Amino acid sequence: MLASRGRLLRTAVRLSRPRAWRSPAGMDLQAVLARLKDLAPLSFAESWDNVGLLVEPSPPHAVRTLFLTVDLTEAALQEALRARADLVLAYHPPIFRPLASVTCATWKERLVVRALEGRVAIYSPHTALDAAPRGVNAWLAKGLGETLVSFQNPRTTPISPGACVSRPIHPSRAPSHPTEGTHRVELSVRHTQDLSTVLSSLKGVSDASVTCFPARTDGEEQTRLSLNCTPEALMRVVAWLAQNQQLYEKTEILALEKPLLQHAGMGRLCTLDESVSLAAVIERVKRHLKLPHVRLALGVGRTLDSQVRDVALCAGSGSSVLRGVQADLYLTGEMSHHDVLDATSRGISVILCEHSNTERGFLSELRDLLSVHLENRVQVVLSQSDKDPLCVV
């Protein structure tokens with residue numbers, strides 16, 4: 001019996017030994033980039049922005065560890081190198097203005113040098129991630145509808161719960177056109193006997209399907225043709241039209257717009273289910289962003305007890321996005337002095353949290369999103385040194 005017990009004990013000890021930690025299998029850099037663009041298509045980015053892959057080590061390049069930061073400072077890059085990161089996702093593009101040289105003279109040049117020496121790629125989504133349906137602004141809007149209690153007396157001073165329905169202030173357009181082509185050409189065939197000639201000619205030069213439909217013009221029945229063209233095909237169609245003016249009339253060339261998207265775009269206009277006091281909204285914002293202080297400009301005629309129903313928000317710098325929007329409150333990281341004055345003169349209160357404080361908290365949510373999108377094949381690490389450069393003293 002003793003020997004038997006001993007054997008059982010040894011078996012139990014063997015089973016309790018911890019398994020060796022295994023690093024994720026990893027993915028090719030281009031495969032990771034494809035997943036990142038699925039989450040936040042680069043077409044959502046503002047035209048002035050510098051988004052996408054900014055630094056690329058020579059291929060092939062496998063990504064086993066992805067490092068997340070808002071600002072890629074030299075300290076953050078050192079942290080990424082210690083974590084053996086293969087890819088840094090820097091929310092703000094560390095390369096924004098063109099570099100005249102890549103030396104060790106300035107800190108941004110040193111970032112590029114040391115990233116390449118360490119075989120670390122750098123990718124920035126910035127305003128593409130701002131506009132994404134599950135991006136930074138959508139995350140910031142969540143803080144307005146939280147169920148919270150007062151910091152001063154959590155047991156006796158409840159803050160009203162509430163839900164928030166939001167929509168983009170400036171909706172993004174879809175990455176592609178709903179139909180093939182960027183332009184539509186419509187024309188009427190002058191004589192029915194020329195229809196087959198015109199059809200075959202247009203199909204030949206445009207390599208596109210041509211739709212025919214009857215139309216009445218000046219009391220006369222005619223056949224009207226419509227075809228969608230790529231920019232290259234449009235040039236060939238226009239050249240054919242110039243050489244065959246006797247066969248058609250009443251020509252229109254229409255630019256096809258990409259459709260506006262309902263849940264993607266810059267900023268958010270949020271409507272609370274129930275109005276709450278400005279003081280209550282301030283507490284919600286501070287709780288969501290984990291901030292002890294925010295800056296407040298009261299709108300003319302407003303107090304901390306004034307009711308808030310509509311909130312216009314923009315992560316980061318919100319002046320250009322929020323300007324002219326009608327709401328009870330603006331929420332952003334920073335605004336110019338004169339834009340704040342303009343808002344308050346219209347009775348709109350303004351909460352400023354400092355630029356990156358309205359963005360950094362999203363990285364925890366992004367880490368979870370990326371783990372799913374990358375199928376747990378890449379370890380996602382959150383920077384511990386990344387912080388807003390400004391503090392209250």
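**Helices, cavities and backbone details of a predicted model**

Helices (H or I, at least four residues) and strands (E, at least two) are DSSP runs numbered from the N terminus. The model is a predicted one, in which local features need pLDDT of at least 70 and side-chain atom pairs count only at pLDDT 80 or more, while totals for chains, interfaces and linings use all residues. Residues are numbered from 1 along each chain as its sequence is written, and side-chain values use heavy atoms, leaving out hydrogens and water.

The buried set of helix 8 consists of Ala-233, Leu-234, Val-237, Trp-240 and Leu-241. These residues cover an arc of only 125° around the axis, which puts them on the same side of helix 8; the arc is that of the directions from the helix axis to the C-beta atoms.

Of the 393 residues, 46% are buried. Among contacts with a separation of 6 or more, 72% are between residues 24 or more positions apart. The protein exposes about 21200 Å², of which carbon and sulfur atoms supply 53%; accessible areas come from the Shrake-Rupley method with a 1.4 Å probe, and for residues only the protein chains shown count as cover.

What of the empty space? Rolling a probe the size of a water molecule over the atoms shows where empty space is left. On a 1 Å grid over the protein atoms alone, a cavity is a set of points where a 1.4 Å probe fits but cannot get out, and a pocket is an open set with protein on both sides within 12 Å along at least five of seven lines; lining residues have an atom within 4 Å of a point. Grid points are joined across faces, edges and corners, and a volume is the space filled by probe spheres set on the points. The largest pocket holds about 550 Å³ of space. It is lined by 28 residues, and those closest to its centre are Trp-48, His-92, Phe-96, His-126 and His-355. Helix 4 (107-117), helix 5 (126-131), strand 16 (307-317) and helix 10 (319-322) each give at least two residues to this lining, with strand 16 supplying the largest share, 4 residues. The structure also has 2 cavities of 30 Å³ or more, and the largest cavity contains about 50 Å³ of space. Its lining includes Leu-36, Leu-39, Leu-89, Tyr-123 and Leu-366, and helix 2 (29-39) and helix 12 (362-373) each supply at least two lining residues.

Helix 4, a contributor to the pocket lining, has Glu-109, Arg-110, Leu-111, Val-112, Val-113 and Ala-115 as its buried residues. Strand 2 (52-55), helix 3 (74-82) and strand 6 (121-124) are among what covers them. Just after helix 4, Arg-119 takes a positive phi of about 50°. Arg-119 sits in the loop between helix 4 and strand 6 and is partly exposed, with a relative accessible area of 34%.

Helix 9 (residues 278-289) is largely enclosed by the rest of the structure, because 10 of its 12 residues are buried. Helix 9 is followed by Lys-290, with a positive phi near 60°.

Two further backbone details complete the account. Lys-250, in strand 12, has a positive phi of about 50° although it is not a glycine. A cis peptide bond with omega of about 0° joins Pro-59 and Pro-60, and Pro-60 is found in the loop between strand 2 and strand 3 (62-63).

Technical notes
Buried means under 20% relative accessible area, exposed over 50%, partly exposed in between (1.4 Å probe, protein chains only). Contact means heavy atoms within 4.5 Å.
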